[in-house]
Amino acid sequence: MRILQISSAQSLGGGERHLADLANGLVARGHHLYVALRRRSPLLEELKNVSKENIFTLSLRNSLDAKSAQDLSRLVSKYNIQIVHAHMARDYPLAAYAVGRHPESRLIVTRHVLFRLNRMHRITLSKAARVIAVSKAVALQLRTDHVAPAEKISVVLNGIDIDRFARAKAEFDRRQFLDAWKLPTDSALVGLVGELSPLKGQEEFVRAAAQVLQQFPKTYFIIAGVDHSEGNKHQKRLERLTEELDLTSHVRFIGWLEDLPELYSVLDVFVSASHTESFGLAIAEAMASGTTVVATETEGARELIREGETGLLVPIGDVGALASRILRLLTHENERIRLGVAAQQTATAEFSLKRMIAETEKIYEAETQNR
């Protein structure tokens with residue numbers, strides 16, 4: 001099939017990782033992939049399998065960018081595109097315009113988040129051939145909000161490269177990692193991964209760290225993620241909080257780490273303290289690494305984790321409960337190992353990248369046959 005993927009993203013998050021993995025996987029399966037991105041998109045470096053001549057940069061400023069809509073329409077016409085797949089809400093109307101002028105092509109949109117759509121986007125989604133939700137929670141909200149006919153909404157759970165995380169865990173040298181970071185060899189490590197933002201719960205994580213250290217002083221806390229706010233205001237606020245709580249020697253802000261499997265492998269406990277998660281890609285990655293997870297009870301986390309079987313869940317915003325669960329895992333090694341093993345088995349069975357690509361491909365095929 002001839003497929004055009006569209007994303008105006010300016011930072012690399014779970015939705016962008018999804019698009020890159022999907023595009024690279026579809027090329028490997030023999031499809032002709034074209035991608036429209038914004039200039040200086042972080043995805044330019046991630047599309048390893050897509051031919052450079054098939055990657056186009058457009059302005060993609062917003063939902064009303066008429067020039068980009070026309071440019072997309074020309075791409076659809078020039079390359080006889082069969083599937084136009086948009087991944088961000090502001091790109092949906094532009095993609096719909098391009099498809100509307102070419103009845104032989106089909107519009108697919110993926111909804112990666114739980115935030116409600118406005119009226120314009122609802123009109124756009126009503127015209128889509130299929131709306132893909134990355135989790136059951138997202139699908140439920142789409143149906144509840146009546147943004148598209150129920151029969152057009154499909155769930156394709158996010159996928160991750162299971163083998164990559166399992167291999168990293170098997171080959172990892174913990175002592176070498178600790179030496180490189182100048183950490184004691186008997187350290188306990190607790191980490192969190194995600195964009196630095198109030199919605200990701202880093203403040204609660206830092207406050208929980210203060211409570212954990214009172215009883216388990218050999219613990220170190222790692223915060224991986226980039227702050228995209230103006231003037232890095234979120235990171236500065238977190239650093240001030242760390243100083244106020246006298247935690248600077250035990251909390252590390254490491255920015256974005258390219259080799260996330262290595263980070264998951266060294267952690268004794270992975271924490272997701274988010275206020276909202278549509279799926280929880282970092283949770284799935286930690287599970288695939290065999291790392292035990294403590295997560296707040298977001299819609300996505302409840303879908304991924306079975307409480308007490310594959311991880312532990314705590315109420316959103318409850319610092320005391322978060323600290324208590326972290327301490328429980330640090331002081332009960334057998335339980336930590338049991339949960340990590342079960343989490344890895346679940347991730348292998350349910351979150352594979354091959355499964356995600358195959359299910360998306362099946363949707364494409366069905367829609368091209370329904371023209």
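## Two residues with positive phi

Asp246 lies in the loop between α9 (233-244) and β10 (251-255); helices (H or I, at least four residues) and strands (E, at least two) are DSSP runs, numbered from the N terminus. Although Asp246 is not a glycine, its phi is positive, near 60 degrees. With a relative accessible area of 64%, Asp246 is exposed (exposed means over 50%, buried under 20%, partly exposed in between, with a 1.4 Å probe and protein chains only).

Leu60 is located in the loop between β3 (55-58) and α2 (66-78). The phi of Leu60, a residue other than glycine, is positive at about 40 degrees. Leu60 counts as buried, because its relative accessibility is 0%.

## Basis of the model

The model is predicted: local features need pLDDT of at least 70, side-chain atom pairs count only at pLDDT 80 or more, and totals for chains, interfaces and linings use all residues. Residues are numbered from 1 along each chain as its sequence is written, and side-chain values use heavy atoms, with hydrogens and water left out.

## Overall architecture

The protein contains 15 helices and 13 strands. Its radius of gyration is 21 Å, close to the 21 Å that the globule rule gives for 371 residues, so the protein is as compact as a globular protein of that length; the radius is taken over C-alpha atoms, and the rule is 2.2 Å times the number of residues to the power 0.38. Along the principal axes, the C-alpha atoms fill a box of roughly 65 × 40 × 40 Å.

Of the 371 residues in the protein, 58% are buried.
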